[in-house]
Amino acid sequence: MAVVTPRVFVSHLSGIAVFDPNGDQVGRVRDLVALLRVGGRPPRLLGLVVEVISRRRIFLPMTRVTGVESGQVITTGVVNMRRFEQRASETLVLGELLDRRVRLVETGEEATVLDIGITQLPARRDWEIEKVFVRKGKGGALRRKGEVLTVEWSAVTGFSLEEHGQGAENLLATFDQLRPADLASALHHLTPKRRGEVAAALDDARLADVLEELPEDDRVEIMGKLAEERAADVLEAMDPDDAADLLSELPEEEKERLLGLMRPDDAADVRRLMAYEERTAGGLMTTEPIVLRPDATIADALARVRDPDLSPSLAAQVYVCRPPDETPTGKYLGLVHFQRLLRDPPFTLVSSVADTDLPPLPPDTPLNDVTSYLATYNMVAAPVVDESGSLLGAVTVDDVLDHLLPEDWREAEMHGPPGAAADREGEPDDGR
């Protein structure tokens with residue numbers, strides 16, 4: 001009786017959980033590592049890139065994978081926690097092979113790679129790439145009607161050639177459910193070429209969310225690869241405080257050009273934030289808190305809080321101000337925390353339940369004082385008010401943490417702690 005070997009398409013592996021034999025989760029699959037071979041031989045699958053709980057990426061050899069089934073990967077339980085570093089001879093299957101333009105050997109037709117099929121060799125723990133799922137035609141976002149077919153690895157050529165202008169549609173499909181911070185981590189670990197291609201394929205809002213989570217060098221690199229009009233659109237989609245932080249990292253001439261291309265209202269918010277010292281309440285605040293007039297009801301407030309685009313810290317409270325109700329507002333009257341909104345009837349006016357005793361922060365309040373304020377009053381956000389009593393914005397705890405942590409904390413988090421890449425006595429060899 002013939003032995004049936006399992007076959008898995010790699011798009012189904014992206015993001016699935018990895019468990020040890022005891023059922024404890026080790027992390028999630030973020031990519032696969034393959035070794036391309038000469039002579040048309042199918043590539044050998046070396047292992048998986050697994051993101052562990054600390055967001056460090058490690059290498060899990062396929063020889064230590066005991067099962068790939070039911071939307072999960074099972075390991076032997078022996079995991080090397082050294083940080084994964086791609087070697088020159090290795091290829092990332094999701095990051096570098098999906099969306100490749102290749103040629104069918106038999107007909108010479110161009111095709112785009114949609115997915116890759118891997119299989120476990122009989123009676124062994126070794127895996128190799130067996131099938132390639134392609135769409136005929138030159139590819140591109142507007143060319144989706146070509147014939148699709150699954151062929152043997154040896155039936156296509158072109159994987160070993162460097163490709164310029166490689167698409168990212170199918171790679172993005174594997175990233176679709178990632179949170180912005182996790183997608184930022186995925187982009188950080190791509191090559192600069194692929195990072196630029198993926199960034200170009202993201203829509204403005206998604207790219208804006210991701211840029212807010214990337215280390216400084218990656219943000220500047222991506223912005224430098226975007227057309228200026230597109231870069232301005234992305235800045236408009238970012239939170240004003242994050243856009244101001246990003247622009248401050250760019251050369252002065254480039255910064256002014258991008259501000260000139262932004263919508264006047266958005267540019268005005270960003271310029272206002274850039275006028276304050278970075279480590280002050282004014283430099284830390286966002287200009288888009290939830291502002292309500294005194295005659296608004298709790299029902300109105302709850303409707304605003306439900307906005308899925310708001311961060312939890314911004315949705316935690318609303319600010320009651322006289323018109324105009326966009327920052328800088330009319331006279332600031334007080335704030336209402338989300339818990340209070342849940343305790344009173346929906347028809348109650350927010351002005352009648354507002355906390356008017358909590359002192360707001362002046363925009364020149366230094367970072368240490370902002371931190372003490374949030375800790376003293378057990379707040380996740382604080383109002384920032386100018387000398388005339390107008391609300392300028394709100395400082396949220398996440399922005400404070402960004403500035404309390406070391407400057408390179410995002411990059412350090414993606415790479416793991418110092419020394420993680422070094423060999424450790426007693427750890428198993430990774431098989432590469």
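User: What covers the buried residues of H7?

Analyst: The cover includes helices H4 (192–201), H5 (204–211), H6 (216–225), H8 (240–248), H9 (252–261) and H10 (264–274). Helices here are DSSP runs of H or I with at least four residues, strands are runs of E with at least two, and both are numbered from the N terminus. This is a predicted model: local features need pLDDT of at least 70, side-chain atom pairs count only at pLDDT 80 or more, and totals for chains, interfaces and linings use all residues.

User: Which residues of H7 are buried?

Analyst: In H7 (residues 228–237) they are Arg230, Ala231, Ala232, Val234, Leu235 and Glu236. Across the protein, 50% of the 432 residues count as buried.

User: Why is Glu197 called buried?

Analyst: Buried means under 20% relative accessible area, exposed means over 50%, and partly exposed lies in between (1.4 Å probe, protein chains only). Glu197 has 12% relative accessibility, so Glu197 counts as buried.

User: What makes Glu197 and Lys193 a salt bridge?

Analyst: The rule asks for a side-chain nitrogen of Lys or Arg within 4 Å of a carboxyl oxygen of Asp or Glu. The closest N and O atoms of Glu197 and Lys193 are 3.2 Å apart, and the pair forms a salt bridge. Both residues lie in helix H4, 4 residues apart, about one turn of the helix. An α-helix has 3.6 residues a turn, so residues three or four places apart point the same way. Lys193 has a relative accessible area of 26%, so Lys193 is called partly exposed.

User: Are Arg272 and Asp269 buried or exposed?

Analyst: Arg272 is buried because its relative accessible area is 18%, and Asp269 is buried because its value is 17%. Salt bridges that share partners also join Asp99, Lys193, Arg194 and Glu197 into one network. The count for the protein comes to 23 salt bridges.

User: What makes Leu401, Leu404 and Leu405 a patch?

Analyst: Patch residues have over 30% relative accessible area and no salt bridge; like charges are joined within 9 Å, and nonpolar side chains (Val, Leu, Ile, Met, Phe, Trp, Tyr) within 5 Å. Leu401 has 45% relative accessibility, so Leu401 counts as partly exposed. Leu401 has its place in helix H17 (residues 397–404). Together the three leucines form a nonpolar patch with about 250 Å² of accessible area, computed by the Shrake-Rupley method with a 1.4 Å probe and, for residues, only the protein chains shown as cover.

User: How many residues reach a pLDDT of 70 or more?

Analyst: That is 88% of the residues, and the mean pLDDT is 86, where pLDDT is the predictor's confidence in each residue, from 0 to 100. Over residues 417–428 the pLDDT is below 50. Where pLDDT is low, the predicted coordinates should not be read in detail.

Note on methods: Residues numbered from 1 in each chain as written. Heavy atoms only, no water. Contact = heavy atoms within 4.5 Å.
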